[in-house]
Amino acid sequence: MANMETSARSVDPLVVGKVIGDVLDMFVPVVDFTVEYASKQISNNGVEIKPAEAAQKPRVHIKGSLHSNNLYTLVMADPDAPSPSEPTFREWLHWIVTDIPQGGDASQGREMVEYMGPKPPAGIHRYVFTLFRQKEAEQVPHKPPQGRSNFKTRQFASDNGLDLPVAALYFNSQKEHTAHH
């Protein structure tokens, strides 16, 4: 008989079909974090956010005790570039922040790859935030990726000694249609 604690921690089924496989291997979320753009918080996976609403980097807060010496790495990538039907650039890297303290937010970390807001050319794109716990409590000299296209979140984690993710969230975005008068 599973207690409520365990079932609350299981992976959101929405993530399984949408992110597990394409971007990540199966994992059990053990850390809560929030991603907040000026007008919207991503509390549920798959929320729709317009590219204009996500143009500026979000506030990413990792819940937990500030007294912990855990540090985290955050990766944001789009597995649907340039289009969901032909993701030839899978994944397109949007942001990497390392050394984020538990109980703190991404602004306190070290931005390794500068934030780039969504600019989906066609179709509905998923923008995936993946959080990894760093093994060492001190800063890790991560290897920055060569470029933004054909980035692999799994490979980055492996190359930098990061285990399975401890949390993930994603939102959907599509090209905004401008009204012509």
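Glu-111 is partly exposed, with a relative accessible area of 34%; here buried means under 20% relative accessible area, exposed over 50%, and partly exposed in between, using a 1.4 Å probe and protein chains only. The side chains of Glu-111 and Lys-57 meet in a salt bridge, 3.0 Å from N to O. A salt bridge here is a side-chain nitrogen of Lys or Arg within 4 Å of a carboxyl oxygen of Asp or Glu. Because Lys-57 lies in the loop between E3 and strand E4 (59–62) while Glu-111 is in strand E7, the pair ties together parts that are 54 residues apart in sequence. Lys-57 is also partly exposed, at a relative accessible area of 46%.

## About the model

This is a predicted model, in which local features need pLDDT of at least 70 and side-chain atom pairs count only at pLDDT 80 or more, whereas totals for chains, interfaces and linings use all residues. Residues are numbered from 1 along each chain as its sequence is written, and side-chain values use heavy atoms, with hydrogens and water left out.

## The sheet

Let's turn to the strands. Helices (H or I, at least four residues) and strands (E, at least two) are DSSP runs, numbered from the N terminus, and two strands pair if DSSP finds at least two bridges between them. Six strands form an open sheet with mixed pairing, in the order E3-E9-E8-E5-E6-E7. Its edge strands, E3 (47–48) and E7 (110–113), each pair on one side only.

E3 and E9 pair in the parallel sense over two bridges, and Glu-48 stands opposite Asn-172 in E9. E8 and E9 pair in the antiparallel sense over eight bridges, with Thr-130 opposite Ala-168 in E9. Strand E5 (residues 71–78) is joined to strand E6 (residues 92–101) by seven bridges, and these two run antiparallel. One place to look is Asp-78, whose bridge partner in E6 is Trp-92.

Side chains of opposite charge can pair when their charged atoms come close.

Arg-126 forms a salt bridge with Asp-80, with the closest N and O atoms 2.7 Å apart. Arg-126 lies in strand E8 (residues 124–133) and Asp-80 in the loop between E5 and E6, so the pair ties together parts that are 46 residues apart in sequence. Both Arg-126 and Asp-80 are buried. Salt bridges link Asp-22, Asp-80, Arg-90 and Arg-126 in a network.

Another salt bridge is formed by Asp-25 and Arg-154, whose closest N and O atoms are 2.8 Å apart. Asp-25 sits in the loop between helix H2 (13–18) and strand E1 (33–36), and Arg-154 in helix H3 (residues 153–159), 129 residues apart. Asp-25 is partly exposed at 40% relative accessible area, and Arg-154 is partly exposed at 33%.

## The nonpolar cores

A nonpolar core is a set of buried Ala, Val, Leu, Ile, Met, Phe, Trp, Tyr and Cys residues joined through side-chain atoms within 4.5 Å. The largest one has 24 residues, and those with the most contacts inside it are Phe-33, Tyr-37, Trp-95, Phe-129, Leu-131 and Phe-171. At least two residues of this core come from each of E1, E4, E5, E6, E8 and strand E9 (167–174). Apart from it lies another core of 11 residues, among them Val-75, Ile-96, Met-112 and Ala-157.

Leaving aside neighbours within four places in sequence, Phe-33 is in contact (heavy atoms within 4.5 Å) with residues including Val-60, Leu-74, Phe-129 and Leu-169. E9 is mostly covered, with seven of its eight residues buried.
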